[in-house]
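Let's take a friendly walk through this structure, one part at a time. Have the sequence and the 3D view ready as you read.

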Amino acid sequence: MNALLWMLLDLLLAAMLLGLGWAAVATRDLKRGVALFIAFGLLLALAWARLRAPDLALAEAAIGAGIAGALLLAALRSEPQGGQPAAVPSRVFLLTLNLFSVLLAVTVAWALLSALAMGDSVRLAQPVTEHLSQSGVSNPVTAVLLNFRAYDTLLELAVILSAVLGVLALGPARPGYRLPGPVLYGLIRWLVPLLIVTGGYLLWVGAHAPGGAFQAGATLAAAAVLLRLGGVDGAGLPAAVVSRWLLAAGLLAFLAVGLLVTAFGYGFVQYPPDLAAGLILVIESAATLSIAVALALAYIGGWPSRRAQSGSLHTHTTEGGTH
Amino acid sequence: MIDVVAVGLICIGIGFFAAGSIGLLRLPDLHSRLHALTKADNLGLGLVALGIALVTGSLVIALKLILIWLLVLAASAASANLIARHALDRREQP
């Protein structure tokens, strides 16, 4: 009975995901498409939670629905009248797209079937749990991301850094938002400290429970987005010199640790088991700051003006007069 | 006994959610829709959270659920205010 109820819920979730995904792509009103995409991301986070992947659920909700949604909305804002309706694609393009979609669906179905048919043979989860005690952390996801498969995460940080360098190369930041009313101002004053504490918690808890640098960084970036929406043009970022170093800190710390261990006879990013916990914490802390600064700068769309960077929420609102 | 109370609370909460959703779909203009949505859904979420908190029987989880409810209350109140203000601004300057 209980299993049947869960299955019904899962089927409903899957059907809603398909429906929302289709609606988000099919609508020609870009604003509506973005709103549907955000709803899709939140439901996808629920689906990950149902698959017992809380790390992915957190990341999907924070980055996929939250920050990506904010980025899309910010992109629409710079369009006149909230963006033109999406162009109608040509028939050749649609045909090619459909062909690729069918190919992709067949490939995914084949991969799923072969994974199901594999039965009890050795899977990656097994060696991970066997060597978990040597990784320095007790959360298998963090162990894979920061230790067993650290190369991947190192390159991911490099990808994020180069993406943001691309954003910064595009030109000056968009103009900020006007000062908020008293209600939003009050909400921001409460939420930003809470988000900073939550970010710190997610970073620390990543060692033994769902969490980690990406979720923590996205949470900090959410605080920056909130500040920016509240009329703080600098979004709470430190001075440009400091921000530049913070932007690169994750990659630099990762490379430094990776190279340092080679001096003691280990391979690149192969940590000595006694020191692994500390080294992972150093890398994750630096990566959290880098990801937060990177996402915040991507949202702002460039370096905020010099005057804006010294401003805090408080000074801005006193300059702006009473509410 | 606690289970019965919890299920009752959750059912009443779902009722409020349904009323809020029907209001969102049926009411004529933006302000009355906001009114239906924020009031009914906030109360509905509070009742559902209270019901779940009773079932879990853990003080920590109960406090977390109440914290979630308070955060949603603050966020939905602020966003309702923003949407209403935006609509008012638009009406004043056609």
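How many residues does the contact take from chain B and from chain A?

## Where the two chains meet

The contact between the chains takes 5 residues from chain A and 5 residues from chain B. On the chain B side, these residues divide into 3 nonpolar, 1 polar and 1 charged.

Keep in mind that what you are looking at is a predicted model. For the complex, the predictor gives a pTM of 0.80 and an ipTM of 0.78. Chain B has an average pLDDT of 85, and 97% of its residues score at least 70.

## Chain B

What share of the 94 residues in chain B is buried? The buried residues make up 16%. Among the contacts in chain B with a separation of 6 or more, 62% are accounted for by residues 24 or more positions apart.

Chain A has 13 helices and 0 strands. Along the principal axes, its C-alpha trace spans about 65 × 60 × 45 Å. Of its 323 residues, 33% count as buried. For chain A, residues 24 or more positions apart account for 75% of the contacts with a separation of 6 or more.

This chain is divided into domain 1, residues 1-84, and domain 2, residues 137-323. The centres of domain 1 and domain 2 of chain A, taken over C-alpha atoms, are separated by 24 Å. Where the domains of chain A touch, 12 residues of domain 1 are in contact with 16 residues of domain 2. By class, the domain 1 side of this contact has 9 nonpolar, 2 polar and 1 charged residues.

The core draws at least three residues from each of domain 1 (1-84) and domain 2 (137-323) of chain A.

For a closer look, find Ala221(A). Leaving aside residues up to four places away in sequence, Ala221(A) touches Ile67(A), Ala292(A), Leu295(A) and Ala296(A).

## Two residues to look up

Begin with Arg52(A), which sits in the loop between H2 and H3 of chain A. Its phi is near 60 degrees, a positive value in a residue other than glycine. Is Arg52(A) buried or exposed? Arg52(A) counts as exposed because it has 8 C-beta neighbours inside 10 Å, and a residue is exposed if that number is 12 or fewer.

Now move to Thr153(A), which lies in helix H7 of chain A. Why does Thr153(A) count as buried? Thr153(A) has 23 C-beta neighbours inside 10 Å, so it counts as buried; the cut-off for a buried residue is 20 or more. Not counting residues up to four places away in sequence, Thr153(A) touches Leu145(A) and Leu146(A). Finally, pair Thr153(A) with Ala287(A): these residues are 134 residues apart in sequence, and their C-alpha atoms are 9.9 Å apart in space.

Notes
Residues are numbered from 1 along each chain as its sequence is written. Chains are lettered from A and ligands numbered from 1 in the order in which they are written. This is a predicted model: local features need pLDDT of at least 70, side-chain atom pairs count only at pLDDT 80 or more; totals for chains, interfaces and linings use all residues. Domain bounds come from an automatic or database domain assignment. Two residues are in contact if their C-beta atoms, placed from the backbone, lie within 7 Å. Ala, Val, Leu, Ile, Met, Phe, Trp, Tyr, Cys and Pro count as nonpolar, Asp, Glu, Lys and Arg as charged, and the others, Gly among them, as polar. pLDDT is the predictor's confidence in each residue, from 0 to 100. Helices (H or I, at least four residues) and strands (E, at least two) are DSSP runs, numbered from the N terminus.
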